[in-house]
Amino acid sequence: PVQKVNVSNKVYSMDCRDEMVVVGVADRQGLVYDLRKLSDGSIHTSQHLKFQLRQVKCMPDKMGYLASSIAGRVRVEYLGRPSDSFSFKCHRQRNDVYSVNSMSFHPLGTFATGGGDGGIAFWDKDAKQRLKQFPMQH
């Protein structure tokens with residue numbers, strides 16, 4: 001390896017965009033690294049959610065990242081602006097809660113989530129609202 005970084009716990013998910021790397025670890029933390037300064041350690045650490053992380057995803061503008069959990073929640077974490085960060089519930093049907101297994105950004109900042117319920121939802125993080133939902137077809 002060119003460079004090795006020790007993290008606090010088992011790695012569940014990773015994503016990178018240019019020089020930004022986000023690592024989601026077993027203790028529900030998101031660790032953000034700058035690839036140009038790996039020896040300096042993480043530049044941001046945040047404990048997101050109450051339950052295990054499933055996936056982390058860098059925002060296209062590198063101003064933050066998303067973290068999803070097994071408990072049907074997504075955390076929108078802004079770097080340098082923690083007061084703007086928020087979490088929201090998704091992929092739920094009545095009393096059933098499903099994990100958020102996959103997330104993907106559009107270059108303009110909207111994103112999609114795929115859940116254990118078999119559904120897909122599209123979100124606008126800036127307006128803090130769901131744009132469209134496609135439930136699982138039986």
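**Exercise 1. Identify the residue that forms a salt bridge with arginine 81, and characterise both partners.**

Solution. The side chains of arginine 81 and aspartate 84 form a salt bridge with an N to O distance of 2.8 Å; the term requires a side-chain nitrogen of Lys or Arg within 4 Å of a carboxyl oxygen of Asp or Glu. The model is predicted: local features need pLDDT of at least 70, side-chain atom pairs count only at pLDDT 80 or more, and totals for chains, interfaces and linings use all residues. Residues are numbered from 1 along each chain as its sequence is written, and side-chain values use heavy atoms, leaving out hydrogens and water.

Next, consider accessibility, where buried means under 20% relative accessible area, exposed over 50%, and partly exposed in between (1.4 Å probe, protein chains only). Arginine 81 is partly exposed at 35%, and aspartate 84 is partly exposed at 34%.

Finally, the charged end of arginine 81 sits over the ring of tyrosine 78, 4.5 Å from the ring centre (criterion: NZ of Lys or CZ of Arg within 6 Å of the ring centre and within 35 degrees of the ring normal).

**Exercise 2. Determine which residues are joined with Lys62 into one salt-bridge network.**

Solution. The whole structure contains 6 salt bridges. In one of them, lysine 62 meets aspartate 18 at 3.1 Å, N to O. Lysine 62 lies in the loop between strands S5 (53-58) and S6 (64-69), and aspartate 18 in the loop between S1 (11-17) and S2 (20-25), so this pair ties together parts 44 residues apart in sequence. Strands here are DSSP runs (E, at least two residues), numbered from the N terminus.

Lysine 62 also meets glutamate 19 in a salt bridge, at 3.3 Å, N to O. Lysine 62 is partly exposed at 27%, aspartate 18 exposed at 56%, and glutamate 19 partly exposed at 24%. Through shared partners, Asp18, Glu19 and Lys62 form one network.

**Exercise 3. Describe the surroundings of threonine 113.**

Solution. Threonine 113 belongs to strand S12 (residues 111-115). With a relative accessible area of 2%, threonine 113 is buried. Its side chain makes a polar contact of 2.9 Å with the side chain of tryptophan 123; such a contact is a pair of N or O atoms within 3.5 Å, and within protein one must be able to donate a hydrogen and the other to accept it, while residues adjacent in sequence count only if both atoms are side-chain atoms.

Leaving aside residues up to four places away in sequence, threonine 113 touches several others, including Val74, His91, Val100 and Trp123, contact meaning heavy atoms within 4.5 Å.

Terms used:
Helix = DSSP H or I, 4+ residues; strand = E, 2+ residues; numbered from the N terminus.
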